[in-house]
Amino acid sequence: MGGRFTGRIALAVACAAALAAAVVALALNARHYYPFISDDSFISLRYAQRLLAGDGLTWTDGPPVEGYSNLLWTLACAALGGAGLDLVVASRALGLLGFAAALVAILWAVRLARMSEVAAALVGMLALAASGAAGAWAVGGLEQPMVAALLAWALAACPPLLAEEPPTRRQVGVPGLLLALVTLARADGAVLVAAVCAGVVVMHRLRWPGWRRGLLLAALPAAAFLGQLAFRVIYYDAWIPNTALVKVAFTLDRLRGGGAYVLAAARSSALVLLVAALPLVAGAHRRGPRWRHACLAWIVAAIWAAYVVFIGGDIFPAHRHFVPVLVALCMAAALGLCALAERWPRARWIAVGAGLAAVAVFAALQPADKENRRAVSERWEGNGEVVGRLLDSAFRDREPLMAAAAVGSLCYWAKLPALDMLGLNDRHIASHRPGDFGTGLIGHELGDGAYAMSRRPDLLVFCGPTGRSRPCSRGEKEMVADPQFGRAYQLVRFRGTVPRAVDAQIWVRRSGRIGIEASPDLVRVPGYLLTGRDVRAELDEEHRIGLRLPPRGSAQVTLPLPAGHWRARLESAAASGLAISVTSSSDHREISRAETGEVVFEVDDVSAQVSVRVESRSSGRPHMRAVVIERRP
């Protein structure tokens, strides 16, 4: 009796040590990829941000649009945010917890009774923890860790459904509830539900007991799917998520891209596939419970991989869509090694040792994988934080409409009304597909320049979060081709300094919420609309936006003024050292000049173009908020 108790204690200690080793491996792996975070993760976080602010589950003001594909993840982040946690930190905490929960599920699925089985579970756990997909997406901010945890636990709870004896309601309800949550965690989570149910049917050789169990297992997920569909119709007035309209296409280009994507992911995880497959093949003639359980995991992995091929793969780094495959295969590897040990007990340690060696080589090769290296080098989302914080501080009181293509981090930090130029969060753009849709980069094929121009955005950020002078996407190119564009917009160089210095090129509408304010008796020109060499728009010491001039540099603006007596003055926290002059644009004649930041002048013509020039007389970099031109009595 004492020996059996001591054996159980030793087994429990071994389990805890194996789990601790896997969690530490996961944390070290995630640290390698930190601070990677996907730009699309900030789209979900913006929905959570606005939900906490009382604006509902929306992207921007106006008719709501379902621009996320991970309802449960978004709500979970919002819940942690409501408890006081920073939303970015919340997404990463959920990511680490999700993959850690998946590791526990692999350990649980083995149903441990011997030390060799603990070692077999360790093989599966370390394979998942050491993968580039787990390391990157543990901190990447999207829902893959949640899907991994729910799928792993659903698979771990499936053995009663594979047995000959009829399962109890609880034995069907637990995996059914977990799969219901999977449908809410991802818009296409129903595919994983169908894969698990299909696996149960196949493992019963397509006989009626298997069909009955598969249908019972699908009941709760079906209810969750229909519930979310009802919410979508009522709240968003749509039957299909906006994300599906933007991304999903059934073309040969997508099939080729999906095949290449899955092949590359499988090549990167070849050793894991080998460890998961060989024990299964070796034990095929002795089809015990663990062998059947491992086969179920393989069926789920195969169906999901086929689905990924069908949708064209993915554009994000570190094999994001391969996470469910890895979870299933790592569980299959642990179960397969245990099944092999049951068949050849004397060889169990050899098999486990070979599995651990294969995982060690797999872990060593992961940093060299091209897609994993992308996650290490992709850091441009951090620029979106800098530029977004600047725009938030500069314009939050005026709420200008900002149009952008890379809307994630930029719009999350800016918190301004936003137009998604790629249509992910805009119903009009998403519902107007071009004829060649399905042949380009997933999620980056849409755009409507005429529609965007009609919205009259005040800020235009082309390409990435730091902007460019030239357009990249379809809608941006159409906007620039519009003859009105050059007359309506001016390129401004901004500089943000929190948490570091980043320059951005942003097109600003000359009129509107943040443009030139004009009336018969007063014209106010924001400093950032003056042009000059090496000038940039920055915040001053009072966190007000304006123009920073270089030492002894200058900037100017040309505008029409009616005849009359006028006074031009500078708005600045410290106008000393700034000179101002007014020149006639027609004959380049200087009308008036002053060294004090304020000048009086007269316009003789009924309507004349004048140039107001501001010059720095100091060796510093003075800041000017605006030029104000007032009619004198």
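Predicted model: local features only at pLDDT ≥ 70, side-chain atom pairs only at ≥ 80, totals over all residues.
Figure 1. With a relative accessibility of 2%, Pro526 counts as buried, because buried means under 20% relative accessible area. When residues up to four places away in sequence are not counted, Pro526 touches Ile514, Gly515, Ile516, Arg625 and Ala626. Pro526 and Met624 are separated by 98 residues in sequence, and their C-alpha atoms are 8.7 Å apart in space.

**Figure 2. The crossing of helices H3 and H4.** Helix H3 spans residues 71–82 and helix H4 spans residues 87–109; their axes come within 9 Å and cross at roughly 120 degrees. H3 and H4 are therefore oblique to each other, and their crossing is right-handed. On the side of H3, the contact is made by Trp73, Ala76, Cys77, Ala78, Leu80 and Gly81. H4 contributes Leu87, Ala90, Ser91, Leu94 and Gly95. Divided by class, the residues of this contact of H3 with H4 comprise 8 nonpolar, 3 polar and no charged.

**Figure 3. The crossing of helices H13 and H15.** The axes of helix H13 (residues 252–268) and helix H15 (residues 289–311) come within 6 Å, with a crossing angle of roughly 140 degrees. H13 and H15 are therefore oblique to each other. In H13, the residues of the contact are Arg254, Leu255, Gly258, Gly259, Tyr261 and Val262. They meet Ala305, Val308, Val309, Phe310 and Ile311 in H15. The contact of H13 with H15 contains 8 nonpolar, 2 polar and 1 charged residues.

**Figure 4. The largest nonpolar core and another core apart from it.** The largest nonpolar core has 119 residues. Those with the most contacts inside this core are Phe99, Met125, Leu128, Trp137, Leu155, Val196 and Met331. Helix H16 (residues 323–343) gives the most to the core, with 16 residues. Leaving aside neighbours within four places in sequence, Leu155 is in contact with Val196, His293, Leu296, Val300, Ala328 and Met331. Another core, of 83 residues, lies apart from the largest one and has Trp507, Leu549, Phe601 and Ala608 among its residues. In soluble globular proteins, nonpolar side chains tend to be buried together.

Figure 5. Pro35 is placed in the loop between helix H1 (2–33) and helix H2 (41–52). Pro499 lies in the loop that runs between strand E4 (489–496) and strand E5 (502–509).

**Figure 6. Positive phi angles at Arg205 and Glu399.** Although Arg205 is not a glycine, it has a positive phi of about 60 degrees. Arg205 occupies the loop between helix H10 (189–203) and helix H11 (208–236), and is exposed, with a relative accessible area of 63%. Glu399, also not a glycine, has a positive phi of about 50 degrees. Glu399 is found in the loop between helix H19 (381–395) and strand E1 (402–404). With a relative accessible area of 44%, Glu399 is partly exposed.

Technical notes: Residues numbered from 1 in each chain as written. Heavy atoms only, no water. Axes fitted to C-alpha atoms, helices over the stretch in contact; angles between N-to-C directions. Helix = DSSP H or I, 4+ residues; strand = E, 2+ residues; numbered from the N terminus. Parallel < 35°, antiparallel > 145°, perpendicular 65-115°, else oblique. Left-handed = near helix turned anticlockwise from the far one by under 90°. Contact = heavy atoms within 4.5 Å. Nonpolar A, V, L, I, M, F, W, Y, C, P; charged D, E, K, R; others polar. Buried < 20%, exposed > 50% of the residue type's maximum accessible area, 1.4 Å probe, protein only. Core = buried A, V, L, I, M, F, W, Y, C linked by side-chain atoms within 4.5 Å.
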